[in-house]
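Hi,

Here is the structure I promised to pass on. Have a look at it first, and my notes follow below.

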Amino acid sequence: MNNLYALGWDASFETHFQSYSDQGLIPARIAIEQRSLYQVMGEEGSLTARCSGRFLHHIADRASMPTVGDWVAVDRKTGTDQVDIQAVLPRRSEFSRAAAGRQTSQQIIAANIDTVFLVTGLDHNFNLRRIERYLTVARESGADPVIVLNKADLCPDTEVRRAEVEAVARGVPVTATSAVTGHNFDEIQLFMRPGKTVALLGSSGVGKSTLVNRLLGQEIQDTGPARIDDGRGRHTTTTRNLFVVPTGGILIDTPGLREIGLWETDVDQTFDDLVDLASRCRFSNCNHDGEPGCAIREAVKTGALDPGRLTNWRKLQREQAFAIRQQDEASKRRYASAWKQITTQTRQKNRFEERDQD
Ligand SMILES: Nc1nc2c(ncn2[C@@H]2O[C@H](COP(=O)(O)OP(=O)(O)OP(=O)(O)O)[C@@H](O)[C@H]2O)c(=O)[nH]1
Ligand SMILES: [Mg+2]
Ligand SMILES: [Zn+2]
């Protein structure tokens, strides 16, 4: 029998669950999501689950669907191997991005995570600008980010890279590790605590599953060299998967991220050093495009500021503004269509009433 606390359960979930336990439902955590089927873990072990019709009927949007890491209320098992999901408990944290290729739909990658490992390879994958993007998205999740620079065994100047990352990470912990040799694994282990959930995110091939296997002490996840895109996709891991680590802690392995669009983010938080500099420009509306007395340009000139960081700040700001506009448009469209429906219904009702009076 599983201990719910080892799965991440706590007093706050317990409080939220009270009304469901009064209805005879039991708590379980989503471990795998495959189309409309879920594997959930509860006190009685692993179960297959699907959403009940009533639950689906009341769901507001895609982001409210159960996702890996969610705590759900399920029916008690009755003879069959399958149980129904009746509700999702409020999330303590959620890592989300704009759904691939769409700016108007939010995809939740993992829920109720305490720490997110933003994994990058110290090989050709290394890219400070991508790390800045990941950090921006991670800050809104409610989970604490940790930057994991993996494949340290392939990099001759690990400490230089680590220092470069620390300069853009603004206080977020950075660790340089090797999932193959176990180098610096004690730093990684620090984040594995009983009942605490860690999700691994990063591009395909950076070693997320290799890290997971090493932390689990077992070769559970398939790993493999990143394939060239052969039409079948190039990810070794294809589903998000939650594991309980025997020595304590919970891990969520995820498929490599190809793109991670901004959803609800505050770009300036990741670039607070630039915000600070900009406040020292002579003009408060300075565009940092050659105006006199520009503190940002001055910092670039003296070498104190990497121009790549400046370009990325502006790029992410533009992307964020675009995402907000798209979301506004989408919500206006939804509002207009809901309003149209209401007025049509009212008109019909009025017609019926007029007829009744005839
Ligand atoms: N040299 C070296 N190779 C590593 C390290 N970690 C992982 N690898 C190798 O990198 C390749 C990709 O590793 P995976 O763990 O499958 O990568 P992943 O991030 O899970 O990839 P996806 O599942 O596609 O997202 C494998 O061949 C691993 O053996 C490391 O620290 N050093
Ligand atoms: Mg993998
Ligand atoms: Zn300026």
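The largest nonpolar core holds 79 residues, and V40, V72, V74 and L118 touch the most other members. By nonpolar core I mean buried Ala, Val, Leu, Ile, Met, Phe, Trp, Tyr and Cys residues joined through C-beta atoms within 7 Å; buried means 20 or more other C-beta atoms within 10 Å of a residue's own, with C-beta atoms placed from the backbone. Helix 3 (residues 128-139) gives the most to this core, five residues. Helices (H or I, at least four residues) and strands (E, at least two) are DSSP runs, numbered from the N terminus.

Leaving out residues up to four places away in sequence, L118 touches I131, Y134, L135, A138, P145, I147, V148, L201 and G202. A contact here is a pair of C-beta atoms, placed from the backbone, within 7 Å.

This is a predicted model: local features need pLDDT of at least 70, side-chain atom pairs count only at pLDDT 80 or more, and totals for chains, interfaces and linings use all residues. Residues are numbered from 1 along each chain as its sequence is written, while chains are lettered from A and ligands numbered from 1 in the order in which they are written.

Now to helix 6. Seven of its nine residues are buried, so the rest of the structure largely encloses helix 6. Its buried residues pack against strand 8 (115-121), strand 9 (144-150), strand 11 (197-201), strand 12 (241-244) and strand 13 (250-253). After helix 6 comes G217, with a positive phi near 75°.

Helix 6 (residues 208-216) also supplies the largest share of the shell around ligand 1, three residues.

Cheers

Note on methods:
A residue is buried if 20 or more other C-beta atoms lie within 10 Å of its own, exposed if 12 or fewer, and partly exposed in between; C-beta atoms are placed from the backbone. Two residues are in contact if their C-beta atoms, placed from the backbone, lie within 7 Å.
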